[in-house]
Amino acid sequence: MKKLQTRAISLLLSLVMVASLLPTTVWAADTASPITQEEWSSNYYTPAELSGYSFEYAFTMTGGDVAYAYFLKRVPNPEGTGMMNERVLVVARDKTGTDYTIPDYDSAGDAPWGGDADANKLFIEAGITEIGAYAFSNMPSLTSVTLGDSSALTYVGKRAFSGNDRAVFTDTKSGAQNVLDLSNVTSMGEYAFASCAKLTSVTLGGDITAVETGEGGAGNVETQHKLPKAAFSGCSSLNTVIFADESRLEIIGQSALSGTALTGVTVPSGVREIEQSAFSGLSKMNSLVLPDSLETIGERAFYCNTDV
């Protein structure tokens, strides 16, 4: 009996050792599954603009009833002669699902399409309510982001779209270009739209909880009633920020609107603190209205705003 037990244990250990050598993707198979073209056509959204594009591949995503697909078409190269492959990333809802959220990721490139950062266009279907941290950060070839309905968003995570300085944003519902209605976003991460240089106008909701990296890089810190750190910093074409009439914001975060093209700023009533560099580098700003509620102005909050 003792020999049989010993042999059984040895066999079990051998199996564990073999399993540890298998590729990670074998163990991840139950978290994301491939989707055929037929399945995508039946259960997911394909933008009308993609008529004539070829289906490449598609996968489900973990954390919600959302999937993504790549489409491809040969098009004239806008930056030179000849033709190029234009790749389009579509993120869509499963028609049979209920949880239409894109999860948070730990860093740029961690999203399931992170290895395919050469996408030229991005479509996010209307009805998706949350876009997680780093979801579409720093995609160097991205020139177009189409949101089915930006007003449906309730959460935009840390650096969700940061670094996409070439991307033109379009809201399908409103038909507007580079104008986003974020009035229903109640939670926003630091650097959410940083360096999105084509954005010209954003509308903010009455209250926002800021999600920012903790001191020393330790975890996330959530602060109510705050426009987060560097949320729109470096958005060099952003000339309009509309705050809600009944705004409950109390803090404008560090560098939140630095390096934008704002010409006039009216800080909402109720704001008690403007953190350092919040409005720095606004070279076109010529008017400023501060509320009676303001108690603290951080270092260089309005640095280099020479025309005020």
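Modeller: A pocket here is an open set of grid points with protein on both sides within 12 Å along at least five of seven lines. The model is a predicted one.

The second largest pocket has a volume of about 220 Å³. Its lining includes the run V75, P76, N77, P78 and E79. M84 and E86 line it too, as do N120 and K121. S141, T143 and R166 are also in the lining. Two elements, β2 and β3, each give two or more residues to this lining. By class, the lining has 4 nonpolar, 4 polar and 4 charged residues.

Now the core. The largest nonpolar core has 64 residues. I102, W113, F136, F161 and F232 touch the most other members. Among the elements that give this core two or more residues are β2 (66-76) and β3 (83-93). The largest share, 3 residues, comes from β2.

Take W113. Beyond its neighbours within four places in sequence, W113 is in contact with M61, Y68, Y70, L89 and V91, among others. I102, A135, F136 and M139 are also contacts of W113. A second, separate core has 14 residues, including L50, A67, A69 and V88.

The structure holds 1 cavity of 30 Å³ or more. The largest cavity has a volume of about 30 Å³. I124, E125, I128, L147, G148, D149, S150 and L153 line it. That lining has 4 nonpolar, 2 polar and 2 charged residues.

How values were computed
Residues numbered from 1 in each chain as written. Predicted model: local features only at pLDDT ≥ 70, side-chain atom pairs only at ≥ 80, totals over all residues. Heavy atoms only, no water. Core = buried A, V, L, I, M, F, W, Y, C linked by side-chain atoms within 4.5 Å. Buried < 20%, exposed > 50% of the residue type's maximum accessible area, 1.4 Å probe, protein only. Helix = DSSP H or I, 4+ residues; strand = E, 2+ residues; numbered from the N terminus. Contact = heavy atoms within 4.5 Å. 1 Å grid on protein atoms, 1.4 Å probe; cavity = no way out; pocket = protein on both sides within 12 Å on 5 of 7 lines; lining within 4 Å. Points joined across faces, edges and corners; volume = space filled by probe spheres on them. Nonpolar A, V, L, I, M, F, W, Y, C, P; charged D, E, K, R; others polar.
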